[in-house]
Each structure stands twice: as C-alpha cells, then as structure tokens.
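Biologist: I'm new to reading protein models. Could you walk me through one, feature by feature?

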Amino acid sequence: MFMKRVLVIAYYWPPSGGSGVQRWVKFVKYLPSEGWEPVVFAPENADYPSLDPSFEKELPENLEVLRGKIWEPYAAYRKLTGAKSTQVTEISSGEKTWKQKLSLWVRANLFVPDPRVGWVKPSVKTLLGYLQEHPVDAIVTTGPPHSVHLIGLRLHKATGIPWIPDFRDPWSKMYYLKYLPMTSGTWDRLRAMEKHVLDSCSTVLTCTPLMQEDFAALTETPVACITNGFDEEDFAAEAPAPDGHFNITHTGLFAADGNPFTLWKVLGKMASSEPGFREDLRIRLVGKVDREVLDAIADAGLAANVVALGPSDHATAVREQRSASVLILPLRNDPDYRPILPGKLFEYLASRRPVLGIGQEDGAMARVLFEARAGITADWDESAAMRAFLSNAWRQHCEGGVPSTEGNIGLYTRRATTHALAQLLGSL
C-alpha cells in the first residue's frame with residue numbers, strides 16, 4: 001500500500017507520562033493502518049513533570065523519531081524560588097515571595113507564548129534540512145506548549161506543505177493565563193500570535209466541540225474537532241474481580257485547584273449515617289495527589305479510608321479504573337475550564353464504571369457523560385446531586401455490585417478517532 005507521510009511535532013513524547021502524550025502516541029500507533037506513515041520530532045532533553053516509559057511499547061516498531069535539543073528555564077526557576085515543581089498550581093495558588101513574583105513576571109512577559117519558545121528557532125533549522133531530503137505530505141504540530149505551532153508556521157511558510165495545528169487546550173483563553181502578570185502589550189502580542197497561526201494554517205484541529213466553537217469565532221480557517229479517546233487494546237483483558245470494597249477512584253494528577261471539598265463532606269456524612277459505609281469505603285487515588293487534597297479528605301474524617309498508590313504506569317491506572325465502584329472526575333474550579341475534556345474521561349468511559357463528574361453542568365464533560373449515559377456532572381457545590389448519585393451506587397453495591405454502564409462509546413475508540421484524522425489529512 002502506498003503510504004503518505006506526516007511529520008508530527010510534539011513536545012510531550014515518550015518517555016513523558018501524563019495525558020498530554022497519549023493523544024498522539026495513539027494516533028501514531030494507528031495511522032499506518034490508515035495509509036499514513038508518521039515521522040515524529042520531539043525534544044531530546046525535555047523537562048517533563050512525569051515519566052512513563054511504557055508508552056514506548058505502543059509505538060510502531062519502525063517509527064522514525066527525530067530529536068532536537070531544547071533549552072528550558074525551569075531548572076533556573078526552581079533553583080531561584082525553591083519550588084519543587086512547575087505545575088499550574090504554583091502559578092495560581094496563594095501568596096508568593098518576591099522571587100516567585102519576579103520569576104512569574106519574567107515567564108509571562110519574556111517567554112511568549114510559553115517557556116518552551118527557545119525550541120522554535122533550532123527546530124525550524126533542523127527540520128528544514130530534514131524536509132529537503134525527506135519530503136512529507138503534511139505537518140502537524142500539537143500543543144500545549146503552543147510555541148510548537150510557531151515551528152509549524154515557519155515550516156509551512158518556507159515549504160508550502162499543508163499544516164494542521166492541533167490544540168489539546170485553548171491558547172489565549174487557557175484558564176491559568178489570568179494568573180500570570182502579563183502586561184497589556186504581552187496580551188496583545190499573544191493574541192496576535194494566536195490569530196496569525198489560526199489564519200495561516202491549512203486547517204485548525206481541536207479536541208472538544210466547545211473549543212472548536214471558540215476557535216471558529218477567531219478565524220475564517222476551517223476548524224475541525226477530533227476528541228481524545230480510549231484504546232480498546234488497553235481494555236481487552238478481563239476486568240479485575242470485585243474486591244468487596246466500595247471503591248471511589250480517581251486516576252491521574254489530583255491538583256489542589258480541583259479539590260472537591262463538597263464531595264469529601266458528602267462522603268464524610270455518609271460514613272457517619274450509613275451502616276457499613278465507613279467500613280467498606282475506599283478512596284483510591286492513583287497518581288500524584290496534592291497535599292491539600294489529602295488534608296481535605298482528612299478534615300472530612302476519612303483519612304483512614306484513603307488508598308494512595310502514587311504515580312503509576314498507564315496499565316495500573318486502567319486496572320484501577322475498571323475495578324472502581326464509582327469513578328470521580330473533578331475539574332478545576334474555574335469558569336474558563338468549561339470547554340475542556342480531560343483525556344482520562346474517555347478511559348473512564350471505556351472502563352464501563354459510573355462516573356461522577358464535578359464541574360460546569362453545561363460544560364463539555366457534562367455533554368459527553370450525558371450522551372454516553374455514563375454518569376452525571378454535578379456543580380462543585382451541588383451536595384444533593386452528589387449524595388443522590390453516591391447513595392444509589394452504595395445501594396447497588398450492597399445489593400450485589402454496581403452495574404456497568406451501557407451507553408454508546410464507539411465514537412471514542414482510538415481507531416475511530418485515527419480514521420477521522422486520516423480523513424482530515426487526506427482532505428488537504
């Protein structure tokens with residue numbers, strides 16, 4: 001079969017862990033079966049917040065991966081401020097020292113659009129040389145970090161090769177940007193950069209319908225939407241046998257700005273009023289958990305019910321999802337989070353366990369859960385809705401087990417989403 005070639009430029013790539021890497025690992029895995037040969041360009045020495053080398057096993061055996069060195073300021077930031085991480089919570093939470101304030105000002109106004117912008121110039125030089133000897137039929141850049149789209153922009157203008165910027169998150173509307181001390185001039189520069197990318201590319205790609213609507217309002221360029229999904233091969237094994245506990249499970253990063261205080265209070269009240277509930281309850285946390293989350297659970301009187309597994313590989317996360325009584329998915333408590341669909345949502349769907357979403361009741365996640373008949377979305381303070389959902393699940397647990405969900409989720413398989421991507425690439 002004749003194979004067309006697509007160059008994929010991604011900052012997050014194995015051995016990186018986290019949801020940001022999975023979208024294109026899975027696309028790359030299945031693109032050859034759709035007649036496209038992927039070539040990946042990724043950093044050689046990136047400062048990844050988490051690692052999961054197991055993703056490398058999913059890549060095609062003969063995949064060509066190009067690497068380019070990157071300079072990032074995060075090591076200097078941590079040394080200057082004493083911060084242990086560079087997570088979003090470092091930006092949005094609490095009072096800050098003068099060193100932190102100065103560092104945030106520098107990050108906001110000197111590294112535009114983001115601290116990985118130093119990768120743009122050397123990457124363009126490397127890839128222009130590569131493309132002269134190894135032509136491709138299309139280029140895809142996937143962000144964040146959205147500075148990768150500047151690589152695609154320059155390559156597209158220099159070569160004329162069709163180019164798709166893929167947005168896993170919003171750009172100028174990203175929720176945490178309002179916590180950065182950007183000057184009005186920086187804001188103008190950021191929005192102009194975004195507009196230039198949107199207007200110059202062949203097609204814009206997003207991963208949620210609400211994000212698609214937001215970008216379509218900014219440009220005349222066609223805007224497509226291909227959501228994230230789940231890989232059926234990850235769920236091919238037989239589901240784990242029930243362990244007898246009432247397992248409330250969360251997988252992935254559990255950040256302080258997504259701490260569902262009302263949920264913990266509801267569970268605390270149920271533990272005090274429902275016979276046997278406290279004894280059976282297990283709050284299983286798979287992944288990095290901010291201290292504020294554990295403190296809130298303890299304040300609700302449930303510290304003894306926590307099973308914290310810590311950062312785990314993808315296979316462990318899938319196993320925990322499938323053995324849950326209820327999966328919880330609290331979004332960050334921010335109105336600008338409304339259009340975002342967390343990548344783990346689709347694996348939650350594949351696990352066929354009921355999902356309690358916490359966030360905007362008119363948001364993108366609420367729409368998917370409703371259409372897939374996989375659970376509910378309650379607002380952050382909707383204790384009555386949370387209590388009703390959990391009480392129903394608890395009753396079913398006591399009667400023999402919480403049943404599987406049965407909604408149609410075929411649209412979200414990785415094979416289906418990759419087929420849609422191949423059609424989009426072919427349309428160029």
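**Starting with a helix**

Modeller: Let's begin with H397, which lies in helix α15, covering residues 383-398. Keep in mind that this is a predicted model.

Biologist: Is H397 buried or exposed?

Modeller: The idea is to look at relative accessible area, where buried means under 20%. H397 has a value of 16%, so it counts as buried.

Biologist: Which residues is H397 in contact with, leaving aside its neighbours within four places in sequence?

Modeller: For contacts, you look for heavy atoms within 4.5 Å. On that basis H397 is in contact with G244, H245, F246, D280, S325 and V402.

Biologist: What about a residue in a loop? Where is R353?

Modeller: R353 sits in the loop between α13 (344-351) and β12 (355-358).

Biologist: What is R353 in contact with, beyond its neighbours within four places in sequence?

Modeller: Its contacts include Q321, R322, A324, S325, L327, Y348 and A374, and also V402, P403, S404 and T405. Look at A324 in particular: the side chain of R353 reaches the backbone oxygen of A324 at 2.7 Å. As for S325, it is 28 residues from R353 along the chain, yet the C-alpha atoms of the two are separated by 6.7 Å.

Biologist: Now one from another helix. Is D299 buried or exposed?

Modeller: The cut-off for exposed is over 50%. D299 is at 69% relative accessibility, so it counts as exposed. D299 lies in helix α11, residues 291-299. Its C-alpha atom is 8.5 Å from that of K265, a residue 34 positions away along the chain.

Biologist: Let's zoom out. How many helices and strands does the protein have?

Modeller: There are 16 helices and 13 strands. To judge how they pack overall, compare the radius of gyration with the globule rule: both are 22 Å for these 428 residues, so the protein is as compact as a globular protein of that length.

Biologist: And what share of the residues is buried?

Modeller: Buried residues make up 56% of the 428. Sequence separation is worth a look too: among contacts with a separation of 6 or more, 75% are between residues 24 or more positions apart.

Biologist: How many positive and negative side chains are there?

Modeller: You'll find 46 positive and 50 negative ones, and the centres of the two sets lie 5 Å apart.

Definitions and conventions: Residues are numbered from 1 along each chain as its sequence is written. This is a predicted model: local features need pLDDT of at least 70, side-chain atom pairs count only at pLDDT 80 or more; totals for chains, interfaces and linings use all residues. Side-chain values use heavy atoms; hydrogens and water are left out. Helices (H or I, at least four residues) and strands (E, at least two) are DSSP runs, numbered from the N terminus. The radius of gyration is taken over C-alpha atoms; the globule rule is 2.2 Å times the number of residues to the power 0.38. Buried means under 20% relative accessible area, exposed over 50%, partly exposed in between (1.4 Å probe, protein chains only). Lys and Arg count as positive and Asp and Glu as negative; His and the chain ends are not counted. The place of a charge is taken as NZ of Lys, CZ of Arg, CG of Asp or CD of Glu. A polar contact is a pair of N or O atoms within 3.5 Å; within protein, one must be able to donate a hydrogen and the other to accept it, and residues adjacent in sequence count only if both atoms are side-chain atoms.
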